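This briefing covers the charged side-chain pairs of one protein model. Please view the sequence and structure below before reading on.

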Amino acid sequence: MNKIFDSFWQRFASLDEQTMALRTLKLKADASRTDITRSYRELIARHHPDKGGDTETFIHIRQAYELLR
């Protein structure tokens, strides 16, 4: 029985992470791979630390992209 609950919570957490990643990249749930890549590139260029962006935001954007691709 514990395996069933563990499996449920793992899938639930995964969906929650995907939702947060989509929000970070400012995308809707039906975003295509092209949409994900385009948004990632735009945001990463805007928030890059070498261009005066915030390192924390840059890291979150990168993590969101890694999760969704």
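The points below go through the salt bridges, pair by pair, and then the exposure of the residues.

The model is a predicted one. It holds three salt bridges. Arg 62, Glu 66 and Arg 69 are joined in a salt-bridge network, and Asp 35 forms a salt bridge with Arg 38.

**Pair in helix H2**
- Asp 35 and Arg 38 form a salt bridge through their side chains, with an N to O distance of 3.4 Å.
- Both residues, Asp 35 and Arg 38, belong to helix H2, which covers residues 33–47.

- Glu 66 pairs with Arg 62 in a salt bridge at 2.7 Å, N to O.
- Helix H3 (residues 55–68) contains both Glu 66 and Arg 62, which are four residues apart, or about one turn of the helix.
- Glu 66 also meets Arg 69 in a salt bridge, at 3.1 Å, N to O.

**Exposure of the paired residues**
- Asp 35 has a relative accessibility of 28%, so this residue counts as partly exposed.
- Arg 38, at a relative accessible area of 46%, is partly exposed.
- Glu 66 is partly exposed at 35%, and Arg 62 is partly exposed at 35%.
- Arg 69 has a relative accessible area of 51% and therefore counts as exposed, because the cut-off for exposed is over 50%.

Definitions and conventions. Residues numbered from 1 in each chain as written. Predicted model: local features only at pLDDT ≥ 70, side-chain atom pairs only at ≥ 80, totals over all residues. Heavy atoms only, no water. Salt bridge = Lys/Arg side-chain N within 4 Å of Asp/Glu carboxyl O. Helix = DSSP H or I, 4+ residues; strand = E, 2+ residues; numbered from the N terminus. Buried < 20%, exposed > 50% of the residue type's maximum accessible area, 1.4 Å probe, protein only.
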